[in-house]
Each structure stands twice: as C-alpha cells, then as structure tokens.
Amino acid sequence: MKADPMGVATGSHYLDGDHACAEGAIAGGCRFMAGYPITPSTEVAERIAERFPKIGGMFIQMEDELASMAAVSGAVWAGAKSMTVTSGPGFSLMMENIGLAVMMEVPCVVVNVQRGGPSTGLPTLTAQADMMQARWGSHGDYEIIALSPNSPQECFDLTITAFNLSEKWRVPVLFMMDECVGHMTEKVIIPNADEIEVTPRKYYKGKKESYRPYRFNGSNSVAPMVKAGDGYFIHITGLTHDERGYPVINAEAQEKNVKHLVNKILKNEEKIRIIEEDQVDGADVVVISYGISSRVAMNAVEAARKKGLKVGTLRLVTVWPFPESRIRELAKSVKAFVVPEINMGQISLEVERCAQGNAKTILVPHAGGWVHDPTDILNAIEESIV
Amino acid sequence: MSETITDYTNKLTIPKPEENFRHPMEAYIRSERFPHIWCSSCGIGTILTAYISGLQKSGLDPEKVAVVSGIGCSGRVAGYLRLDSFHSTHGRALPFATGLALGNPELKVSVISGDGDISAIGGNHFIHSARRNMNLTIICINNFTYAMTGGQAGPTTPIEANSSTTPYGSYEYPFNLPFLAESCGAVYVARWTALHIRRLTNAISEALLKPGFSFIEVISPCPTLYSRRNRLGTGLDSMKFYHDTAIIQHGAETREVDIEYQQKIIVGKFVDKEKPTFTEARDKFLKKKLGDRFVPYRGPNHGH
C-alpha cells in the first residue's frame, strides 16, 4: 500500500533528525501520538502537534510517559497507527507498558532520542547507552525490534520502516536515535506519496466466532488484528494467555506464549535484518557501529585504508534482533572487530559473544556527552591487527 | 439429553440448564471462563451485574462499548464481560482507556477497577483524565484494601482500620474519592454501595449516557480480608452493614462525604453538570483557530 498523500510533505527540506522523524511517522501512516516533553526528543512531538490538526491526526500530551505508552496501546486497539517519543528517563518509565505492548502484540513505534545517563544524566548531550535497555528493559522474556538511524534522511526513511516492521510482526519497534542525529540538520528528501511503501495493518476477515487474536502454533507468524468496536468482543490482557486472549496461569501456557514472543522475532531475524556492509570481503578488521558513531567511524576507517589497512565496515541499522549468524560468519574470516559506541560497552558484548573466539573484539567506549575522537577508533583499528 | 457441567465449588455434577433457562445476562458474560476468581459474597459480582443491567438500560449498542480494567480483584471484571475488554497494567487503565476512546470516537469506554488501582498507583492518571473531561465512565470499586495481594492498606483505608500492613490500625488520612473527582473536573459523580442494586444500575446507565468524565464509587465488601480483619462478619453481613449505614443525600457537598471507620456512608448522586468533553473542546477550539485548515480526527473507520 502507498502512503496517504494527505500527510506527505513531498519535497526537498532542510530538517533536523527530530523533525524528519515526525515527517516519517506521518508518511508512515501514524495518526495518533501520545507523549510527554523531554529533551532532546521534544521537537518530534512539537512538529506532530503542529501538523496533526491539519491532517486528521490526534495528538495528546499525557501526564507522564507511563500514560503515554499506555495510551498508545489503547489507540492501536482502537485501530490507529500510533507512536510515542521520549528520551532516557522517559524510556525508563515507558518500560512497564512497552512490556504490555509486547504481551498484547501491539504494533507501535517508540522513539528514544538517546541522551547521557544514568538518571537525569546529560539532558542535552548525546549517548547510545540505552541499547541494552531497549532489548530487555521491561521485565520478563521477550525479543524486540530496534532501529538506529545515522542521519536526518534516515530519521525520515526508517521511521516509515519502523511502522512497517511493527505492523508486520505485531511488536513495538524501538526507534533508537541519539541526540546528535536528532539535532543534526541536513537535507531531507521526502518523496511523493506513491513512492512510499506503507504496510497496512492486517485485519481479520472471517467468521466472528472463529477469530483468535493470537497465533501460538509454532509458525512464528502473527495473527491478524481486529478493532475494538467491530463486534468481535475481544479480550486482551497482559496476563499469560491462550490464542483466544484468555488468561491461563500455568507453565504450559507460559511456554507457548513466551516462545511465540521470542521466536517470532529471533526465527525471522534474517527477514527483519537491515545491515550495511562495505569492503568486508578480505578485510582484516571490520568496524561494527550504529547511529552517529557509524559516521564518526568512517573518518577513522578512511584514514586506516589510506595507510593500506584492510578495513571493512558493518553498520547495524536494525540493532535488535542482532544479526548473530552474520557476525559469526564474518568472525571466521577477519582478525578483529572494532566496536565504537557511546556507552561503556553494550553492543560490543553481543559482537564478542557472536564471534565465539574466532576474532578479537575491541571496544572503543565513550561515556557520552560527545562523539568519539576518530583517532581513538583509528588507534583501535591499528592495534587490533598487530 | 442434557449435558452436564461441573460445579467447581463443591465438585458435584449438576445438570446444565436447558436453553430457555439460561441466565438473561449470559450474552454479556464470558461464561466459558467461569468459575470466576472472586471469593464467595464478594461485592464485585453484584457490581458486574449492575453494570450489565445499567448497560442494557442505557440502550447503548454493546458492540460500541469497551471496558478497560487495571490490576487487582476488580481488574478481572474486564475478563468476564463479553464486550471488547482490556486488562491493562496496574494503575494504567485510564490512560489505556484514553487511547482507546480517542482512537475510536464511536466507542463508549468504561473503566472498571479498584480503589488502589485508580487512586494510588493510577492517581496521577485519574486526576488528569478528570481534568481533561475525557469521555470515560469510571466505576471505582472501593473495598478499602488491596485484596488480591492479601489485604494491605491503601489510600482509601479508613483511620483505625486493620490491614496486613497496618496491623495496629491505619493512621494515614484516606482519600475522599468523590471530592477528588469533582475537584479535578468530573461532570458526573456518584457513590453507592454494592447492595444499592437498583440505584447503582440507574447511576451506571446515566453515567454511560453522560458525555465526559463520569465517576461512580461503589463501596464493596471484601469478606476474605477487609471484613474479617475488621469484624464486619461475612460478605453478606458487611454488604448489609454498608447498606444500612448508608445515608442517601443527593447533591451532597463532596467535601463532606469522607468515610470514617465503621461510620455512616453518604451515598447519592453528588454532581451532574454539563461541560464539553476533551474532544468537543479540542475540535471547537482548533476549528476557531485554524478554520478550514482543521481536519478533525474521525477514527479508524473514516480514512487513514
């Protein structure tokens, strides 16, 4: 399905990542947003608040992030494509109802424009330190999809992708921006609506009495949805449930329910995967990065290549689910992975795990507040192949 | 030959009633989920019955009515009603319901949940939903305790009342929920007990038909925990006690309807006024500011 032309601001724009994200959401079909102001993500909500009344959208500023995330799930069951936007402290508060959305298999998008933490941390300065929280920040076992854009253009493009993935897999998609990308202003091309592919929600059509809101048959696919008000009399709960949505409190039901939540993502990882590779064939070292760090890393990679080093790059656009099989494969042909990230080591742990000792993993950490000095990454590349 | 069903309370096999003898409310109940989890003589079942009667009386199309609950004994109501029903997280029934109601303006959304869910962990959502005059009907089942977790004190527990976390009696000032609701902007506020069946049914019907934020507090016995710890006898005894100590005062000042330990309970319809709902106010305001550029949100069945 193509995008609704009413919402699409076709043309060449000069936008920051936050504003581009808002435009991407609109183009992706989002018509409900509940949010709470927090730096450095507020501009997304501000643009939505200005745009929605003119395109038939509903924006509501809630009393906090707990409420925002709960309202998003409610609006999805009412039939709207929905999202919320926040940064670290708000992301922490949203974890409760992100878990609810995971359990209810609610397609929605949660944008986190990351800033330095823990706690209030660095409200106006960048970080990439919520990546593990994105994976498992809510209690219990589940898998999630998380994307990491590295430019305002990608903030537009990938927000649409985030909505599409959420509909396809009935899962909240976490859009993990960082303050640099959010506040960086660049050219953003918004295509015509008929050039934008939008995944519509899959609705059930069939006998009312045979509708099941969930599918736990081991096929790792998701059941179509219905809307409240359509006469299906659905029951949807955060409790462990069966395919009818009815609570079942025992180990057998838990096994079916949780395995489904995990497997629909992990078993389809290659279908969900978006990664960007460059010159990895024959490389001695591959720099694995995401978000703003991938752009800083390019500076170091180019410098290393000038010195004659065989350096490849792998950029994680989907960070979760992690491209485990690809890293494992690469580990057999390269000597080392260098992982620069604006945290004290999160994704590098995943790389190390997947490398299974076949290649070294060298973390280039940064505590946040600014991006890496490319020299630190270059040094790591050089040391990695000594 | 009639089928048989199992009576789970005493393990006797009893004949399943013929079609003509089905309960008149069965269409509204997910009876396949019975037996329910509530204790014998708990007030929640009575309130569930009053809700169904009130819904029938209101004449609303059940397909356009949704129910949201939070967590706790009362939180299980949504699971037994054959309506579009959602069992959300603890305290978050109101914001979930807000999303549902805004997402599809054709729906009438009710929240049925407990006093702890709505006024403690969900207190912030309660005051803001009332302030916005969100189009929601809130039925707050007040049993003065956290029952599902074993009878702890909560924000409605009266001073002196015994609970598992106030073993010497409670000393915190409790909420006066009708006063809180009115002061935050609710357009309909009433209080009844679980034994005022007819009046409660009428109130639920009125509230469902009232546009905006309507709030009904229902005083309900918890025989297993609150009544036992506070010597109120069986569920029926305490239901009768609440009923008999209730004084009907329609239009009473909500500031004066505090509930003291084992004292009189002022019930009645306290507030019933007109005020544009969140959506009415929003649409009118934005239309004034934006003129023809304003496009109202019409819900999922109209475009998008």
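Mentor: A salt bridge is a side-chain nitrogen of Lys or Arg within 4 Å of a carboxyl oxygen of Asp or Glu. Keep that in mind as we read this predicted model.

Trainee: Which residue forms a salt bridge with Arg135(A), and how far apart are the closest N and O atoms?

Mentor: Glu350(A) is the partner of Arg135(A). Their closest N and O atoms are 3.3 Å apart. The rule finds 3 salt bridges across the interface of domain 1 and domain 2 of chain A.

Trainee: Where do the two domains of chain A run?

Mentor: The domain assignment gives domain 1 as 5–195 and domain 2 as 274–384. Taken over C-alpha atoms, the centres of these domains of chain A are 26 Å apart.

Trainee: How should I read the size of an interface?

Mentor: The size is often given as the accessible area lost when the parts come together. Domain 1 and domain 2 of chain A bury about 2,100 Å² between them. Carbon and sulfur atoms carry 58% of that area.

Trainee: What area is buried between chain B and chain A?

Mentor: About 3,800 Å² is buried between the chains, with 61% from carbon and sulfur atoms. In residues, 45 of chain B are in contact with 48 of chain A.

Trainee: How many salt bridges does the rule find across the interface of chain B and chain A?

Mentor: The rule finds 2. Glu96(A) forms a salt bridge with Arg92(B), with 2.6 Å between the closest N and O atoms.

Trainee: Which elements of chain B each supply at least two residues of the side that touches chain A?

Mentor: Helix H2 (77–80), strand S4 (84–87), helix H3 (93–103), helix H5 (123–132) and helix H10 (278–290) of chain B do. H3(B) gives the most, with 7 residues. The side of chain B that touches chain A divides into 18 nonpolar, 15 polar and 12 charged residues.

Trainee: Why is H3(B) described as largely enclosed by the rest of the structure?

Mentor: Buried means under 20% relative accessible area. In H3(B), 11 of the 11 residues are buried, so the helix is largely enclosed by the rest of the structure. Among them are Leu94(B), Phe96(B) and Leu102(B).

Trainee: Why does Arg326(A) count as buried?

Mentor: Arg326(A) counts as buried because its relative accessibility is 14%, and the cut-off is under 20%. Arg326(A) sits in helix H11 (residues 324–331) of chain A. Its side chain makes a polar contact of 3.0 Å with that of Glu329(A). Not counting residues up to four places away in sequence, Arg326(A) touches Arg273(A), Ile275(A), Glu277(A), Val280(A) and Leu314(A).

Trainee: Is Asn176(B) buried or exposed?

Mentor: Asn176(B) is buried, at 6% relative accessible area. Asn176(B) is in the loop between strand S6 (136–142) and helix H6 (177–184) of chain B. A polar atom of the Asn176(B) side chain lies 2.8 Å from the backbone oxygen of Thr254(B).

Notes
Residues numbered from 1 in each chain as written. Chains lettered and ligands numbered in written order. Predicted model: local features only at pLDDT ≥ 70, side-chain atom pairs only at ≥ 80, totals over all residues. Heavy atoms only, no water. Domains from an automatic or database assignment. Buried area = accessible area lost by both parts, 1.4 Å probe. Helix = DSSP H or I, 4+ residues; strand = E, 2+ residues; numbered from the N terminus. Buried < 20%, exposed > 50% of the residue type's maximum accessible area, 1.4 Å probe, protein only. Polar contact = N/O pair within 3.5 Å; in protein donor to acceptor, adjacent residues only side chain to side chain. Contact = heavy atoms within 4.5 Å. Nonpolar A, V, L, I, M, F, W, Y, C, P; charged D, E, K, R; others polar.
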